[in-house]
Amino acid sequence: MNVDSDSTVTTSAPVSITTTGACVDFPIFDAKSRSLKKTVMGLVGGNIDSAAKVPVIEALRDITLTLEHGARVGLVGHNGAGKSTLLRLLSGIYEPTRGHAEVRGRVAPVFDLGVGMDPEISGLENIMIRGLFLGMTRKQMEQRVDDIAEFTELGDFLRMPLRTYSTGMRVRLALGVVTSIDPEILLLDEGIGAVDAAFLEKSKQRLVELVERSGLLVFASHSDEFLRELCDTAIWMEHGRIKQQGDLDEVLRAYKGLPA
Ligand SMILES: Nc1ncnc2c1ncn2[C@@H]1O[C@H](COP(=O)(O)OP(=O)(O)OP(=O)(O)O)[C@@H](O)[C@H]1O
């Protein structure tokens with residue numbers, strides 16, 4: 001373990017996230033370092049330090065930020081800029097390779113809607129399991145399961161094993177659970193493209209309500225419309241660094257190269 005790095009997750013109030021000079025590296029042991037040396041830096045992706053013996057992808061560099069209760073932060077940036085890695089750092093899933101990260105509050109990481117789902121058990125059982133995974137108690141989930149079932153419109157399919165569901169049906173189930181929880185810190189990675197337009201519209205209101213209930217939101221998205229719906233400030237990530245942080249509209253304009 002690296003001695004000058006640490007990450008702490010505590011669940012006592014007040015809700016906040018603080019990082020100081022946090023870096024996240026991914027050493028790539030099977031990469032061809034010689035050919036990597038010849039490459040030029042593209043627009044997308046993190047930095048690759050190919051001078052090291054083992055090439056290292058520098059996914060996050062010097063991330064210093066403080067987010068407090070009430071923050072509604074959008075994450076924008078090109079593919080590979082570091083948005084998902086930052087969400088994983090903020091959730092405590094990744095420890096900083098260098099620097100510090102401190103998370104205070106109960107985190108609901110919603111990165112992949114399907115995580116925590118078991119294909120062999122029924123939709124109803126998956127609702128319970130996914131809710132527990134996101135920090136709810138069994139009692140809380142028992143009180144919400146009927147509401148979630150109704151929202152999904154899956155009817156009798158809820159008693160069938162999850163493996164019999166189409167992709168869109170799985171997303172409906174997952175969205176039903178995710179939008180029913182009460183997180184202190186909600187970390188959301190956009191990944192809801194598989195649902196049909198009408199269902200997405202129906203989910204939006206529940207998402208807005210979920211965000212209103214949560215103490216702190218960080219939302220990575222490529223959709224201005226969604227960002228405007230859920231966030232008021234933003235962080236623009238570029239090559240693993242924070243390029244700009246501030247008012248959502250200002251950051252979006254700068255990111256798109258529009259005049260301020
Ligand atoms: N598990 C991993 N192993 C190695 N490299 C990784 C890993 N996860 C991410 N990276 C690298 O870290 C950098 C940041 O990736 P990340 O997924 O955080 O980007 P992103 O901004 O979320 O991109 P997108 O908009 O495409 O989802 C990229 O260069 C990527 O190649």
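Reply: The residues of the shell around the ligand comprise five nonpolar, nine polar and one charged; here Ala, Val, Leu, Ile, Met, Phe, Trp, Tyr, Cys and Pro count as nonpolar, Asp, Glu, Lys and Arg as charged, and the others, Gly among them, as polar. The model is predicted: local features need pLDDT of at least 70 and side-chain atom pairs count only at pLDDT 80 or more, while totals for chains, interfaces and linings use all residues. Residues are numbered from 1 along each chain as its sequence is written, and side-chain values use heavy atoms, with hydrogens and water left out.

Of the 15 residues around the ligand (a heavy atom within 4 Å), Gly46, Gly80, Lys83, Ser84 and Thr85 come nearest. Polar side-chain atoms of Lys83 and of Ser84 each lie 2.7 Å from an oxygen atom of the ligand. A polar backbone atom of Ala81 is 3.1 Å from a ligand oxygen. The protein covers 67% of the 640 Å² of accessible area that the ligand has on its own, by the Shrake-Rupley method with a 1.4 Å probe. Strand S4 (56-68) and helix H2 (83-91) are the elements giving two or more residues to the shell, and H2 gives the most, with three. Such elements are DSSP runs numbered from the N terminus: helices (H or I) of at least four residues, strands (E) of at least two.

Turning to the packing, the largest nonpolar core has 39 residues. A nonpolar core is a set of buried Ala, Val, Leu, Ile, Met, Phe, Trp, Tyr and Cys residues joined through side-chain atoms within 4.5 Å; buried means under 20% relative accessible area (1.4 Å probe, protein chains only). Among the residues with the most contacts inside this core are Ile127, Leu173 and Leu186. Its largest share, five residues, comes from helix H5 (residues 167-178). Beyond four places in sequence, Leu186 is in contact (heavy atoms within 4.5 Å) with residues including Ala108, Val110, Leu210 and Leu217. Another core, of 27 residues, lies apart from it and includes Ala71, Leu87, Leu90 and Phe111.

Ile127 also belongs to the buried residues of H3, together with Gly123, Asn126, Met128, Arg130 and Gly131. Their cover includes S7, helix H4 (138-152) and H5. Ser122 lies in the loop between strand S7 (107-110) and helix H3 (123-133). Ser122 counts as buried because its relative accessibility is 11%. Just after H3, Gly135 takes a positive phi of about 95°.

Conventions: A polar contact is a pair of N or O atoms within 3.5 Å; within protein, one must be able to donate a hydrogen and the other to accept it, and residues adjacent in sequence count only if both atoms are side-chain atoms. Buried means under 20% relative accessible area, exposed over 50%, partly exposed in between (1.4 Å probe, protein chains only).
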